[in-house]
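Here is a walk through a two-chain model, from the overall fold down to a few single residues. Have a look at the structure first, then read on.

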Amino acid sequence: MIAVENINVGQQVGFGIIALMMIVGAIRVVTNKNVVHAALWLVVVLAGAAAQYLLLAAEFVAVTQVLVYIGAVMVLFLFGTMLTRSKVGNDENLDNRNGAMIGIPVALLLLGTLTYGLLKTYKAERLPLKNTPFNIQQLSDSIFSHYLLPFWALSFVLLAAVIGAIVLARRD
Amino acid sequence: MLATLPYWGVSLIRILGGIVAVLLPAGSIVYIFLFKMMSFMQSRLGPMEAGPYGSMQLFAEVGKWLQKEDLAPDGADKRLFKMAPLIVLASTFLLVAVVPFGPDAWFTNFEAGVFYALAVSSVSVLGILMAGWSSANKYSLMGGLRAAGQLIAYELPMVLAVIGVVIQAGTMNLQQIVVKQNNDKIFGLHFLGNPYILTQFVGFIVFMIAVQAELTQTPFDMPIAESELVSGYMTEYSGFRFLIFFIGEFATAGVFALIASALFLGGWGVPFSWFGWHNIGDVANWMNVVGPLIMFVKMMIVVFLIMWVRFSFPRFREDQLQRFAWKVLIPIALANIMLTAILKVAF
């Protein structure tokens, strides 16, 4: 259960407002009939996630979210859609109503599983409120010592993806 | 002085300071470099009528743009079309938030400052893509796509060039990077501090080239190449929305120059050994006034370099531009990182 003491009111209000924006944005992503507008609503959702990380005092993750998702992934999304379907206006085929029959149950199932898992694992346990400033050195120390093997594995996966992209893109 | 004010007072001063730190450099750059320096390089006088030596020309231009009708093309996606310039300008305001101007004269003392600056500078690409697409114009769209390809390509060498500085300083906080540069010694000499332009000269060159491309200044101005694309993603804009793009362009030049001077030229500080300071706590209070002036002078010097290149060189071709980023700048920047890391461990 969520304890009631030690609540930072400003943070909670901020969380609520940003969460509401994210929910509206997420619904607009799937209901919008204009593919570029849908992509831009997705930017709102991702920027909201970055703002939530900031509220949790996770500066580095928030900045990474902006750099990777907004600065790179979404720009590539938009670049691709604008390059291939540059028409301004709505696309009636875009809003796939039949997908809702599968999509909504899957989303609810995911929500249920995550909520159950989080509540079951942590129960009344709460992360301590830290007043010490966030330290990037500690983060990099843990990545390059404690989590070195996962880091290498991830780098290897990314390298494979890069090589795959080159193989796919090369014509000769 | 700041310590005696309430929190909201300090915040208000910081917000006003941020607006000044964006608009004042933009105005000075446009007048001194775009109006006067370019004219002198072309053996003409430039604007001379409005005010002494045409110094009020800028206000006349702003007044002219503000009077114009807020036009949008018939086939355009009106909402996105109107939003796009604001996103570009917002990215500039987000960018200035991490620049330190003095021991207490900062907007946010952000631990991941450098990283944050590089991240939010890429937000402007979204605005440019929106502008290009929503104009419903082939030239605009091509300009937008070119801009996106160019900004993504040159963001990498910029990030990689900065990593050398981060390795040497051991921190990502711009304030601490400035303090480190003024507090360190080079070859055992204390009187100069250690501005990283001396030790990271390769990084500085790569950073400045990448900044030139990020700002789409002339050797890299394919997104708005007037002989091919009319005016690229800005083709359909007029009135105050064009003004916002225009301010955004030169304000971003100013802010990138501020970041470059904080990273490579010692920022707001003077070498601390001159006054017998040892850390940021010793720095005298008058540096909060002198610091911004030092930053302004350094910014003007860096912008002078950018504009000098802009007015001197012809435009690259699109494929040359991409090849230059991926095959020249990125390998150099990577080699610089490796060398810096080796030297950092060795010394």
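## Burial and overall build of chain B

A residue is called buried if 20 or more other C-beta atoms lie within 10 Å of its own, exposed if 12 or fewer, and partly exposed in between, with C-beta atoms placed from the backbone. On that count, buried residues make up 50% of the 347 residues in chain B. Keep in mind that this is a predicted model: local features need pLDDT of at least 70, side-chain atom pairs count only at pLDDT 80 or more, and totals for chains, interfaces and linings use all residues. Residues are numbered from 1 along each chain as its sequence is written, while chains are lettered from A and ligands numbered from 1 in the order in which they are written.

Chain B has 13 helices and 0 strands; both are DSSP runs numbered from the N terminus, with helices being H or I of at least four residues and strands E of at least two. The radius of gyration of chain B, taken over C-alpha atoms, is 21 Å, close to the 20 Å from the globule rule, so chain B is as compact as a globular protein of that length. That rule is 2.2 Å times the number of residues to the power 0.38. Along its principal axes, the C-alpha trace of chain B spans about 65 × 50 × 45 Å.

The complex gets an ipTM of 0.78 and a pTM of 0.85 from the predictor. Chain B averages a pLDDT of 84, and 98% of the residues score at least 70; pLDDT is the predictor's confidence in each residue, from 0 to 100. Within chain B, helix H9 (residues 201-214) has the highest confidence at 90, and helix H10 (residues 226-229) the lowest, at a mean of 75.

## Where the chains meet

Counting two residues as in contact if their C-beta atoms, placed from the backbone, lie within 7 Å, 20 residues of chain A are in contact with 24 residues of chain B. On the chain A side, helix H2 (35-55) and helix H3 (59-84) each supply at least two residues, and the largest share, 13 residues, comes from H3(A). That side divides into 17 nonpolar, 2 polar and 1 charged. Here Ala, Val, Leu, Ile, Met, Phe, Trp, Tyr, Cys and Pro count as nonpolar, Asp, Glu, Lys and Arg as charged, and the others, Gly among them, as polar.

## The core of chain B

A nonpolar core is a set of buried Ala, Val, Leu, Ile, Met, Phe, Trp, Tyr and Cys residues joined through C-beta atoms within 7 Å. The largest one has 129 residues, and B:Leu129 and B:Phe207 are among those touching the most other members. Helix H6 (residues 138-169) of chain B gives this core its largest share, 17 residues. B:Leu129 also touches chain A, at residues including A:Val75, A:Leu78, A:Phe79 and A:Met82.

## Two positive phi values

Most residues other than glycine have a negative phi. B:Ser43 has a phi near 55 degrees and sits in the loop between helix H1 (7-41) and helix H2 (57-67) of chain B. For B:Thr216, phi is near 50 degrees, and its place is the loop between H9 and H10 of chain B. Which of these is buried, and which exposed? B:Ser43 is exposed, because it has 6 C-beta neighbours inside 10 Å; B:Thr216 is buried, with 23.

How values were computed
Lists of a residue's contacts leave out its neighbours within four places in sequence.
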